[in-house]
Amino acid sequence: MYKSITIVLLFLGIITVASCEKDDICVDNDTPLLVIRFYDQEDTAIVKAVPSLEVRGINADTLLGIWEDDEDTFDSIAIPLRVDQGNSTFIFSTNATDDATAANIDTVTISYVAEEIFFSRGCGYIVNYNDLSANTIADDSLWINEIRLVTPLIENSTSAHVKILH
């Protein structure tokens, strides 16, 4: 009698442990950001800070960030791309102050193909970007001299995707 109860309890314990699933919590992945690094136009191997950089999304007119070089010198920024369109347009302002006429403003358009990838039930879909291209409006270029692609594929936010020479 005790032997059969022990076997039944052991069997129920094994079934209980085997039926457990891993939690569907997403902590690892997210859609990657576009990483832009700023370089000196004369020596393209030297990073160069941008004084008082302000970046706005042109379609949503959303302020994506203001980077001041007073405290720490920065050499890169990471900004989100739109997943619902094949391009994102940004306004890059340098020397941005309360006086809008003193700022140098350039408009940059990033074109791409958004590829949705199912990651997991907890994370859902993430988007990677393929066939990246970038340009600035020629008449509008006040401080950006050239935009160079480092890689045409955005799969992570750990390395630079675009170089801006100024």
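**Aromatic pairs and a buried histidine**

Hi everyone, let's start with the rings: a search of the whole structure finds four aromatic pairs. Here, rings of Phe, Tyr and Trp (its six-membered ring) pair if their centres lie within 6.5 Å, and the planes count as stacked under 30 degrees apart, edge-to-face over 60 and tilted for the rest. Before going on, please note that this is a predicted model, where local features need pLDDT of at least 70, side-chain atom pairs count only at pLDDT 80 or more, and totals for chains, interfaces and linings use all residues. Residues are numbered from 1 along each chain as its sequence is written, and side-chain values use heavy atoms, with hydrogens and water left out.

One of the four pairs joins tyrosine 112 and tyrosine 129, edge-to-face, with 5.0 Å centre to centre and 75° between the planes. Tyrosine 112 sits in strand β6 (residues 104-120) and tyrosine 129 in strand β7 (residues 124-136), so the pair links distant parts of the chain, 17 residues apart. Strands are DSSP runs of E, at least two residues, and helices are runs of H or I, at least four, numbered from the N terminus. Tyrosine 112 and tyrosine 129 are both buried, where buried means under 20% relative accessible area, exposed over 50% and partly exposed in between, with a 1.4 Å probe and protein chains only.

Phenylalanine 118 and tyrosine 125 also form an edge-to-face pair, at 5.4 Å centre to centre and 70° between the planes. Are these two buried or exposed? Phenylalanine 118 counts as partly exposed because its relative accessibility is 47%, while tyrosine 125 is exposed, with a relative accessible area of 54%.

Now to histidine 166, in the segment after β9 (162-165). Histidine 166 counts as buried because its relative accessibility is 9%. Its side chain reaches the backbone oxygen of lysine 48 at 3.2 Å. What does histidine 166 touch? Leaving out residues up to four places away in sequence, histidine 166 touches Phe38, Tyr39, Asp40, Gln41, Lys48, Ala49, Val50, Trp143 and Asn145, a contact being heavy atoms within 4.5 Å.

Key:
Polar contact = N/O pair within 3.5 Å; in protein donor to acceptor, adjacent residues only side chain to side chain.
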